[in-house]
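Hello,

Here is the structure I promised to pass on to you. Have a look at it first, and then read on for some notes about its aromatic rings.

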Amino acid sequence: MRKIHRWIGLAVGLQLVLWMCSGLVMSLLDADKVRGREFRFPAAAKRAWPTDTVPVGHVLAAAREAAQTVSTGWLLDRPVYRLSGDKSVRLIDARSGERIELDERLSRRIAEASYRGPGQAVKAEFVEPSLETRAHDGKVWRIAFSDAEDTTVYLSAQGDVLEHRNRTWRLFDLFWMLHIMDYSERKDFNNPLVVSAAVGGFWLALSGIWLLFTSFSLAEFIPKRWRGTRALMIHTPDGGRLRSLRASTGDTVFVALARQGLQLPSNCGGGQSCGLCEVRVRGGAPSPTPADRALLLPARIEAGHRLACNLKVDRNLDIEVQGGAELGTVHEARVESVRALSPFLREIVLMPTDKPGADHHPGCYIQVHIPPYRMGRQQIEAPREHQTAWAGLHLPAQWSSAAPLRRSYSLSAPVEQIGGRLSLLVRFRHGKQGSRNHPPGKGSAFVFGLKAGDRLQYSGPFGEFAIRPGRREKVFIGGGAGMGPLRAMIRDLLESGAGETIHFWYGARTRADAPYVDEMQALAARFGNFRWQLVLSDARDGVNPVGMVHEAVHEGLLHSHPDLPACDFYLCGPPAMLAATRALLKKLGVPDERVAFDDFKI
């Protein structure tokens, strides 16, 4: 419901902006100009019908075609009869009885007689009807005048002045079209688009009211001391008991644990959007919420996994949490080095105060604690070869984060291979290029501003993304910062003597955006069972395949592989790449249990 509400809100919100802007513009335009009155003479006063006219009976008797109706009028200074038949209207001079043909010269004179502006008639032509004469049927005479407003006078085929149009009217008409959402004829304000927008707005209001009430809990309005408490038993996944505590009824498990100093991993602070605070309920788990179904796999939901930020303490609960004692532990580390691997990817190497343990396995992640800060783009140093890419971002001069937060970063190298250090691969989240004053990601901006010698705090490690036991052939597919955990896994496998075939397909926009390419090529040359392939999506270098990485790996490996279900797959990268690759593997018949992935919970 939240997702539908958000997308319909975006569509209706954009139309509301158009309604307000178009209404504002139309109200500011000069009404006389819009109505064509500025350079138009007022309608002439009624004149008495002359006495020297030919009797209408004589006119009808002389007419070659039958007339259904006869009316009188004036054409400039001449009284005329209008004889209307089935298909045409004829003009007859009421004094002479002769037929009048409305030609270019006469239409120009009529237009000039209705015009009082500074311009001159420059062109007269008989044309098909257009949007400017949409209220009238049939072909019309169009006479253009050479004034600053580009005034155009339209006459009917019988010489009636229909409309005076000008630039102001045309601007008004454009915004009128946007206002009534009639993009073809610009006159129907009950068209299906307007009706749909109105229905969407009504639905948006109703769903917003519903979501407002569902976002509150009755317990939030009751003092904690009146709510009572429930027992919350915290276990580790291996069955060990971590802690027993009392939680106030109505609190979420996420809040209850945080109050006891057990901070579950979270990038959204309990906002039901990142999915990192996953726990498993022992016994009968409550029905999954929409947030659970959106962020957790169906198999895990079936096994009792729920989001702690969405799990209410309304009874005694036994839950399993990942991380164990690390949930309540905060570690300190010193930044040892910062290295720019591509314009927007950096390797941050940390030296922890405490020696990392065996739980710092390849594939796990830590949560860096981001304190409140204020910084500017000058604090992010870019090498000379990357400055062109940074110059195109149009970042604001300064940005800040008012509240402390946490961000998750995977280890990009086995800890034991780099002397007990923690290596992180961080991507700068800068939004759309060319969008001015777009604030960068609060976490990545802080990390990109770090310098060697700085100190920070982190929690963890966390995560279940890890190398599975066994000697099955392994296929690693990644993109972006997904290089980090996949690199750590591959280095761990190769250096530990793994003999199975290992493939690594990595996608990047250009060769300059791909980190650790030389390292991967060196590993492929050193280990005969390792196959490395870079895929470029936006540039050709004559060496690497071009396209999306999931399409390239399908063409280059998967479609001709003799036994895909016997392989283990490890995926990590941007959400779109991850979704496309998972869909491809499912289509190829690879069982879900053979596919491990880390979507960074974004």
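Which residue lies over the face of Phe597, and at what distance from the ring centre? It is Arg582, at 4.1 Å from the ring centre. Please keep in mind that this is a predicted model.

Now to the rings themselves. A pair of aromatic rings is described by the distance of the centres and the angle of the planes. The count here comes to 17 aromatic pairs. One of them joins Trp390 and Phe428: the ring centres are 4.8 Å apart and the planes stand at 45°, so this pair is tilted. Trp390 belongs to helix α11 (residues 387–391), while Phe428 is in the loop between β20 (422–427) and α12 (442–448), so the pair ties together parts that are 38 residues apart in sequence. Trp390 counts as buried, with 6% relative accessibility, and Phe428 counts as buried too, with 2%.

Another pair is formed by Phe504 and Trp532, with centres 5.3 Å apart and planes at 65°, so it is edge-to-face. This pair links distant parts of the chain, 28 residues apart: Phe504 sits in strand β23 (residues 502–508) and Trp532 in strand β24 (residues 530–536). Both Phe504 and Trp532 are buried.

Finally, if you go back to Trp390 and Phe428, you will find them in a cluster: ring pairs link these two with Phe344 and Phe448.

Enjoy exploring it!

Best wishes

Terms used
Residues numbered from 1 in each chain as written. Predicted model: local features only at pLDDT ≥ 70, side-chain atom pairs only at ≥ 80, totals over all residues. Heavy atoms only, no water. Phe/Tyr/Trp six-rings, centres within 6.5 Å; stacked < 30°, edge-to-face > 60°. Helix = DSSP H or I, 4+ residues; strand = E, 2+ residues; numbered from the N terminus. Buried < 20%, exposed > 50% of the residue type's maximum accessible area, 1.4 Å probe, protein only. Lys NZ or Arg CZ within 6 Å of the ring centre and 35° of its normal.
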